[in-house]
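Hello,

Here is the structure I said I would pass on. My notes on strand pairing and salt bridges follow below it.

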Amino acid sequence: TCALPIFIQTGLFFITYYFVNKFMNQVYIALMQCQDEKIQQNLNLTSLLWFICIFLINMHFIFETSKALKIIAFLALIINASYNFILLYEILMKRDQIGSLQSIVYKDTLTGVGSRLAFDKVMEQKMSEGKPFYFLYMDLDEFKKINDDHGHLMGDQYLQEFSSRIKEIGRPGLTFRISGDEFVMLIFEQDVTHVLDALHRLDFVIPSTNVRFRGVSFGISHYPSDAVLLDNLISFADQQMYKSKMKKKQS
């Protein structure tokens, strides 16, 4: 009579563990952006131990008379608590290496603009407010050629210089780097003309080099006129950006 509940419960635990472990790897570790192997191992191990403990405690309610199960569950709790302490100790001892969690999470380490995580959070907040805004999608022109001709270190300097310029154009906290050479900006309606004019006039030369700005292609979409869902808003601006890039190549 106990076999069916055990199988069902075991299956549910395995399914749940997959999603929680995925969260631990993709979000928790990513949030800290900590490359320390020991911390990552302990994070994975503690997530597994919590599920083992919960599973054993639930088994205890099914097999209430099993003394062996009580002992195993108690030992699992002790081991779990020990590994949680070790994990906390490792994080505290290496907090200077890990740095400020807030700044690591929400700032792109290369350019200093907002990260993809910051973008997701700000977009969720702005869209929940329901107030109109413009979404600007930017893609650097010929960036691959700069990397190929001058090397990736020069490419990094190019990204940093571009980022410093567009931070001055947009409002603080509303400019983000979402991938290699792709940037986005949220613009209030009263700032659109100023931002677009500034982007059209943008030009620079990397200090102490002859590498000049090759331009940026961009597309713009409006919330909520063009789309009310984030994916659709991004897709609309991306299509406009692609058309802009194609026109440049044809001219």
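Strand β1 (residues 133–140) pairs with strand β4 (residues 216–223) in the antiparallel sense, over 8 bridges. Two strands count as paired if DSSP finds at least two bridges between them; helices (H or I, at least four residues) and strands (E, at least two) are DSSP runs, numbered from the N terminus. Within this pairing, L140 is opposite V216 of β4. β1 also runs antiparallel to strand β3 (residues 182–187), with 6 bridges, and there Y134 has I187 as its bridge partner. Of the 8 residues in β1, 7 are buried (under 20% relative accessible area; exposed is over 50%, partly exposed in between; 1.4 Å probe, protein chains only).

This is a predicted model: local features need pLDDT of at least 70, side-chain atom pairs count only at pLDDT 80 or more, and totals for chains, interfaces and linings use all residues. Residues are numbered from 1 along each chain as its sequence is written, and side-chain values use heavy atoms, with hydrogens and water left out.

There are 11 salt bridges, each a side-chain nitrogen of Lys or Arg within 4 Å of a carboxyl oxygen of Asp or Glu. R177 and D108 form one of them, with the closest N and O atoms 3.2 Å apart. R177 lies in strand β2 and D108 in the loop between α5 and α6, so this pair ties together parts 69 residues apart in sequence. R177 is buried at 16%, and D108 is buried at 14%.

Another salt bridge joins K245 and D139 (2.9 Å, N to O); both residues are buried.

Regards
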